[in-house]
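The sequence and the structure are shown first.

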Amino acid sequence: MRLRTAAAALVGALAIVLPAAGPSSAGDHDGRVLGELHYRFVDERGNVRQARLHPADNDTCYRLTSTSSDDPAFAVVNDTESLAVLFEDASCGGDTERTLEPGEGVRNVEVASVLFRPAEHWGHHDRTVFRSLG
């Protein structure tokens, strides 16, 4: 009998201590999803591949998966609500290659990492831009 009472008290205490809300998604930022960064690169077999990155937060450096300084991405579209600062190296070091505003795309670049910064003005942008990069 005492064991049941103790177990019930423990469950009640845990219910009070544990947060009531469920976990937020990794891409959730201040109640918004930052979006996606789309990029194209050439794989080890010489095939053009397409990938995307789902940034979880601003002021964070992200390496573009499957790229490097020797095998960089050559086309990028910023489909996020943040500025995307592109770098040649994989650790957001050195000089900035290009900064893309939300909805902006670029080709004929050589980039391996991106740093996201808050954009002052963001809104709806065309998600079909990446298709035109060829």
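Throughout this report, a contact means heavy atoms within 4.5 Å. By that criterion, and not counting residues up to four places away in sequence, Leu 53 touches Gly 35, Glu 36, Leu 37, Tyr 39, Tyr 62, Leu 64, Val 114 and Phe 116.

## Basis of the model

This is a predicted model, in which local features need pLDDT of at least 70, side-chain atom pairs count only at pLDDT 80 or more, and totals for chains, interfaces and linings use all residues. Residues are numbered from 1 along each chain as its sequence is written, and side-chain values use heavy atoms, with hydrogens and water left out.

## The sheet S4-S3-S6-S9

Strands are DSSP runs (E, at least two residues), numbered from the N terminus. Two strands count as paired if DSSP finds at least two bridges between them. On this basis, 4 strands form an open sheet in the order S4-S3-S6-S9, with antiparallel pairing. Strand S4 (48-53) and strand S9 (105-111) are the edge strands, each pairing on one side only. Neighbouring strands of this sheet are turned by 25 degrees against each other on average, direction ignored; strand axes are lines fitted to C-alpha atoms, and angles run from 0 to 180 degrees between N-to-C directions.

Strand S6 (residues 73-80) is joined to S9 by 4 bridges, and the two run antiparallel. Within this pairing, Ala 75 has Arg 107 of S9 as its bridge partner.

## The sheet S5-S10-S7-S8

An open sheet of 4 strands has the order S5-S10-S7-S8, again with antiparallel pairing. Because S5 and strand S8 (96-100) each have a single partner strand, one side of each is left without a neighbour in the sheet. The twist from one strand to the next averages 25 degrees.

Strand S10 (residues 113-118) pairs with strand S5 (residues 61-63) over 3 bridges in the antiparallel sense. The bridge partner of Cys 61 in S10 is Leu 115, and that of Arg 63 is Ser 113. Strand S7 (residues 82-87) also pairs with S10 in the antiparallel sense, over 6 bridges; here Leu 83 is partnered by Arg 117 of S10.

## The disulfide

The structure holds 1 disulfide, the term denoting a pair of cysteine sulfur atoms within 2.5 Å. The bond joins Cys 61 to Cys 92, with an S to S distance of 2.1 Å. The link is right-handed, with 90 degrees about the S-S bond. The pair links distant parts of the chain, 31 residues apart: Cys 61 is in strand S5, and Cys 92 is in the loop between S7 and S8.

Buried here means under 20% relative accessible area, exposed means over 50%, and partly exposed lies in between (1.4 Å probe, protein chains only). Cys 92 is buried, with a relative accessible area of 16%, whereas Cys 61 counts as partly exposed at 34%.

Ser 113 lies in strand S10 and is buried, with a relative accessible area of 0%. A polar contact is a pair of N or O atoms within 3.5 Å; within protein, one must be able to donate a hydrogen and the other to accept it, and residues adjacent in sequence count only if both atoms are side-chain atoms. A polar atom of the Ser 113 side chain lies 2.6 Å from the backbone oxygen of Asp 89. The backbone nitrogen of Cys 92 lies 3.0 Å from a polar atom of the Ser 113 side chain.

Not counting residues up to four places away in sequence, the residues that Ser 113 touches include Cys 61, Arg 63, Val 85, Phe 87, Asp 89 and Cys 92.

## Positive phi in two loops

Most residues other than glycine have a negative phi. Asp 59, in the loop between S4 and S5, has a positive phi near 60 degrees and is partly exposed at 49% relative accessibility. Ser 66, in the loop between S5 and S6, has a positive phi near 75 degrees and is partly exposed at 46% relative accessibility.

## The nonpolar core

A nonpolar core is a set of buried Ala, Val, Leu, Ile, Met, Phe, Trp, Tyr and Cys residues joined through side-chain atoms within 4.5 Å. The largest nonpolar core has 16 residues, of which Leu 37, Leu 53, Leu 64, Val 76 and Val 114 touch the most other members. Strand S3 (35-42), S6, S7, S9 and S10 each supply at least two residues of this core.
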